[in-house]
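Please examine the sequence and the three-dimensional structure shown here before reading on.

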Amino acid sequence: SSAPADLLLRRTITLLQREIRRAAVSAVISSMSKGDHVSTFKKKECYWIQDDDNGTARVYKYAGKKTGFKEHKFVDRLSGSEKWILTTDYVSIRTYIPVAECITRVQKAYMHIECDYGTKYTLNGLMEFT
């Protein structure tokens, strides 16, 4: 076994482990951001809507109700596409909890503290504030 081959093998193992951890963190953040099932909506609030066809869920922002109808308009946060849902449709709609956004804000705050004061903080330091 040569040194370059060992280096390549170690690097490949590290990258695969990182991808596995990233997928696990993404799944946990996704599950933590799903709140209770709801049937009433507030304008400009975000909701998880699960698609019955393939079982995937996406985040939509509530845009309002069609006047005189029981049809609600949602706009996909990523693509901007519209989705109309009748109140009689069997669709799983859950509140959206902005977990990922909160984590990002905390990370940015720590980055600013580290840059401004040259102090390195650990995750344990974050736990003191929660």
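Which pattern does the protein follow when read along the sequence? The pattern is α-β-β-β-β-β-β-α-α, and the protein has 3 helices and 6 strands. Helices (H or I, at least four residues) and strands (E, at least two) are DSSP runs, numbered from the N terminus.

**Basis of the model**
- This is a predicted model, in which local features need pLDDT of at least 70 and side-chain atom pairs count only at pLDDT 80 or more, whereas totals for chains, interfaces and linings use all residues.
- Residues are numbered from 1 along each chain as its sequence is written, and side-chain values use heavy atoms, with hydrogens and water left out.

**The protein as a whole**
- Of the 130 residues, 18% count as buried; buried means under 20% relative accessible area, exposed over 50%, and partly exposed in between (1.4 Å probe, protein chains only).
- The protein exposes about 10100 Å², of which carbon and sulfur atoms supply 58%; accessible areas come from the Shrake-Rupley method with a 1.4 Å probe, and for residues only the protein chains shown count as cover.

**Helix 2**
- Helix 2 covers residues 99-117, 19 residues in total, and spans 27 Å from its first C-alpha to its last.
- This is close to the expected 27 Å, a value defined as 1.5 Å times one less than the number of residues.
- After helix 2 comes G118, which has a positive phi near 65 degrees.

**Residue E71**
- E71 lies in strand 4, which comprises residues 71-76.
- E71 counts as buried because its relative accessibility is 18%.
- Leaving aside residues up to four places away in sequence, E71 touches G64, K65, K66, W84, I85 and L86, where contact means heavy atoms within 4.5 Å.
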